[in-house]
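In these entries I record what I looked up in one structure. I began with a single residue and then turned to strands and their pairing.

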Amino acid sequence: MPDVASVTFAGVWIAPADDLEDAIILRFADLSESTSREGRVRQYAGGRRRLVSTPQRNRRLKVATPPMPRVVVAELEDRTGTLQLLRDSKGRVVLGTWWDLEVSEVIGTNRVELSLMFEATTDTVAV
Amino acid sequence: MQITTAPPRDLLTDVQVRDVVAGNIVVDVGADLLDADGALLEDVSADVVPAGQIVYGAYRTIHRTCQVQLARELSWGTVRLRPWMDLTAGGVTVRTFLGVFLLDTPVRQVDESSDPVWQIDGYDLLAALDSPVGATYQVAAGTGLQTAVEAAVAAAGVVAPVVLTEVGDAPATAEGLTWALRDGVTWLRVVNDLLDQAGYRSLRADEAGRFRSQPYRPPTARPVEWVYDATADDTTVVPDAAVEQDLFDVPNRWVFWVDDPERGEPTAGSTLYEVVNQSDGVTSIDQRGRIISAVHATEAADFASLVAAGDAQVERDRQSSASATVTVGPNPLHGHFDIVRLTWPAAGVAGRWQVVGWTLPLDGSDMTLELRKVDA
């Protein structure tokens, strides 16, 4: 069997649900499941406090990137609120969108760090 | 109350369930879609918006109603919805069904910025029986209670199990019963008349969509099912309540008689039953210094039924002397005429109370309980 070189792609791949060829690849981006809940501390008789929380109904994935060119951010901004297919190097495939981009300047460069919250939807699409 | 370890909680212990309800909880809601026969069609939880509420009133014709929001359209007129609530604490999840509901035609909320949401009102399965019979209806002498109730439910076109506790072979009626067309009775009235004749509680639809009834027992004779102790470390009592004590019109003498000319003048021991509270509690004749009488005409079939109905009325009157509305953490296990013990020295509240109404928000907020004092 001949030797083969293997390349591990680390990153996140985002493409419009209706045009999977038009993908944006965010190399070395970190993808993490959000486990946040809406919680409230409630007070009861005798001063007792307890936490009552409700889980997020939709799956949410936080995408965070290392410094990258601003042009990528502009492309992602154009896709805000549109149906996208997200895949990552661990095999996760999620259909959804995002509503806000958080951008942090990297001092002394023309690059920015980016994060967005990708919210899964229940829409269906042929891919 | 629902039985703490009944399905779908049958893998948990009573202690586990009670600990979760009192713990630091995660509240989740969802719903199952059932067909007209009560069979599971689909889990529609992904489309349930965590908003709305379940409302229960013991003295309402339809005990349970729901207001829920769904992000999908259903066959509103044919399906049934079974909402549920999960409470999770310490890795243990307690799932509770909140009722089975027939759905009204919903209001569709249109907002261009989000997916459409349907606001739905639902009514428990008693609503299916609350329709006119539309004919003269008869139950033959000697028909068993279970048979008679099941027949009426089936004749109303409703498919649901009928569970009558402690029902034996005794007939529902010794002489036969007839409901005339001109009286305009509903199927629910027919069923409740049958149950009343036998000394059973009015019909209810339970959390899983079964019709249920059991022999009437006064609240004082039933065990405490849940304890709300404001002094406990794990209390879920919210420090906000309205307590009212109204003794003015509470009777201390009751007269029950059978209003049937064919049975002659009311006679003690057969068609007349009298109860006197001479000295028991603050509403007694001795304490009030006067006699306050209440007279009730009934259609009881025999003296035993007259006594049963009379004692039930006496209990209702005596417990109505004090009422309270309290707020507690979400406890979806509440059911029909629950008996709770409430200990709250700061509010001057203690003892056994019967829950005659509750409202359970589906967003995880605290719930309200309407209580009537059980102890005289």
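Entry 1. I located Gln69(B) in strand E4 (residues 64-70) of chain B; strands (E, at least two residues) are DSSP runs, numbered from the N terminus. The model is predicted, so local features need pLDDT of at least 70 and side-chain atom pairs count only at pLDDT 80 or more, while totals for chains, interfaces and linings use all residues. Residues are numbered from 1 along each chain as its sequence is written, chains are lettered from A and ligands numbered from 1 in the order in which they are written, and side-chain values use heavy atoms, with hydrogens and water left out.

Entry 2. Is Gln69(B) buried or exposed? I found Gln69(B) buried, because its relative accessible area is 19%; buried means under 20% (1.4 Å probe, protein chains only). Leaving aside residues up to four places away in sequence, Gln69(B) touches several residues, among them Asp47(B), Val49(B) and Trp118(B), where contact means heavy atoms within 4.5 Å.

Entry 3. I next examined a hairpin. Strand E1 (residues 25-34) of chain B runs antiparallel to strand E2 (residues 40-43) of chain B, and 3 bridges join them; two strands pair if DSSP finds at least two bridges between them. Leu33(B) stands opposite Glu42(B) in E2(B). Between the strands of this hairpin lie 5 residues, and Gly38(B) takes a positive phi near 90°.

Entry 4. I then noted an open sheet of 3 strands in chain B, ordered E18-E17-E19, with mixed pairing. Its edge strands, E18 (272-276) and E19 (293-298) of chain B, each pair on one side only. Strand E17 (residues 253-258) of chain B pairs with E19(B) in the parallel sense over 6 bridges, and Val255(B) stands opposite Val295(B) in E19(B).

Key: Helices (H or I, at least four residues) and strands (E, at least two) are DSSP runs, numbered from the N terminus. Buried means under 20% relative accessible area, exposed over 50%, partly exposed in between (1.4 Å probe, protein chains only).
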